[in-house]
Amino acid sequence: MSQAQTEQQSGTYQAHFRVWRGDADAGELADFTVEVHEGEVVLDIVHRLQATQAPDLAVRWNCKAGKCGSCSAEINGRPRLMCMTRMSVFERTETLTITPLRAFPVVRDLVTDVSFNYAKAREIPSFVPPPELAPGEYRMQQEDVGRSQEFRKCIECFLCQDTCHVVRDHEENKAAFAGPRFLMRIAELDMHPLDAAPESGLDRKATAQDEHGLGYCNITKCCTEVCPENIKITDNALIPLKERAADRKYDPLVWLGNKIRRRTE
Ligand code: SF4
Ligand code: SF4
Ligand code: FES
């Protein structure tokens, strides 16, 4: 029996990988052949690579269960969680190219600096508690929270941020664009039945448009396609937020209020 036939029967085979090695200054793809066992995911292979051939390979991971959002990388150019990508989705003869997230600066090898996302998170005003209710007195109907509950599944893997063309190849847009994950956060708070932002003078729709770059999004849905939690980011968060921002802009009362305010300023 040939080695190929033996491998076919045992479920174990040798696969070819190209893994990006380097740091912020320079790097290149390095070739490796690594053993693969039945049922394994890409992160298993990266760990075997570390254990057997490249002990200094930098990779970030924690849960190996698709819940911590740490092991984000690009596999054959597509943003994915390494721990949730089964080797069986690829042909055994296929070369897998594993590279760091392209939208963020490389720290080393497969580890990127995702602090852009934390900076954007800090720019979004948090939930404003209703002043007439004390903590513990909040009551909401399930049908009122149903829509925004979907967004709470986010594991902050930042695959959507990485894939969005607004910033993927346009570093210059980062200052003005929060990205799909954080526009979704604004949508979530704007839909929150108890959020008292409007009463406190904070218009979340206006800040999404004016400060967080909602207008840059042209609803291509690339973010939705890579989300490992299958959150309908574009259809359920971004498009409704755009619609509400447009309603606000063309609302005759808002228009009149703005006109009066401009005249008196
Ligand atoms: S739908 Fe909008 S936020 Fe999502 S990837 Fe496309 S442009 Fe970016
Ligand atoms: S919305 Fe989805 S893709 Fe984006 S950070 Fe959250 S879990 Fe990841
Ligand atoms: S290791 Fe936690 S999501 Fe992959």
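1. In which sense do strand β3 and β4 pair, and over how many bridges? Strand β3 (residues 72-75) and β4 pair in the antiparallel sense, over 4 bridges. Two strands are taken to pair if DSSP finds at least two bridges between them. Within this pairing, Glu74 stands opposite Pro79 in β4.

2. On provenance, this is a predicted model, in which local features need pLDDT of at least 70 and side-chain atom pairs count only at pLDDT 80 or more, whereas totals for chains, interfaces and linings use all residues. Residues are numbered from 1 along each chain as its sequence is written, and chains are lettered from A and ligands numbered from 1 in the order in which they are written.

3. The chain has 11 helices and 7 strands. Helices (H or I, at least four residues) and strands (E, at least two) are DSSP runs, numbered from the N terminus. Of the 265 residues of the chain, 31% count as buried; a residue is buried if 20 or more other C-beta atoms lie within 10 Å of its own, exposed if 12 or fewer, and partly exposed in between, with C-beta atoms placed from the backbone. Among contacts between residues at least 6 apart in sequence, 64% join residues at least 24 apart. Contact here requires that the C-beta atoms of two residues, placed from the backbone, lie within 7 Å.

4. Strand β1 takes part in two of the pairings described here. With β2, β1 runs antiparallel and is joined by 10 bridges; a hairpin of 4 residues connects β1 to β2. Tyr13 has Val36 in β2 as its bridge partner. With β5, β1 runs parallel over 3 bridges, and Phe17 stands opposite Leu96 in β5.

5. Charged residues are found among them, including Arg181, Arg185, Glu188 and Asp190. The end C-alpha atoms of α7 are 16 Å apart, which agrees with the 16 Å that its 12 residues should span at 1.5 Å a residue; the expected span is 1.5 Å times one less than the number of residues.

6. Leu183 belongs to helix α7 (residues 180-191). Leu183 counts as buried because 28 other C-beta atoms lie within 10 Å. Not counting residues up to four places away in sequence, Leu183 touches Ala178, Ala208, His212, Leu214, Cys217, Ala237, Leu238 and Leu241. Leu183 and Leu214, 31 residues apart in sequence, have C-alpha atoms 7.0 Å apart.

7. Gln161 lies in helix α5 (residues 159-163) and is buried, with 29 C-beta neighbours inside 10 Å. Leaving aside neighbours within four places in sequence, Gln161 is in contact with Ala103, Asn117, Gly179, Pro180 and Arg181.

8. The shell around ligand 1 includes Cys164, Pro180, Cys217, Cys222, Cys223 and Leu238; a residue is near a molecule or strand if its C-beta atom, placed from the backbone, lies within 6 Å of it. Helices α9 (222-226) and α10 (233-250) each supply at least two residues of this shell. The shell around ligand 1 divides into 8 nonpolar, 3 polar and 1 charged, where Ala, Val, Leu, Ile, Met, Phe, Trp, Tyr, Cys and Pro count as nonpolar, Asp, Glu, Lys and Arg as charged, and the others, Gly among them, as polar.

9. Ligand 2 is surrounded by 14 residues, the closest being Cys154, Cys157, Leu159, Cys160 and Cys227. The shell around ligand 2 divides into 11 nonpolar, no polar and 3 charged.
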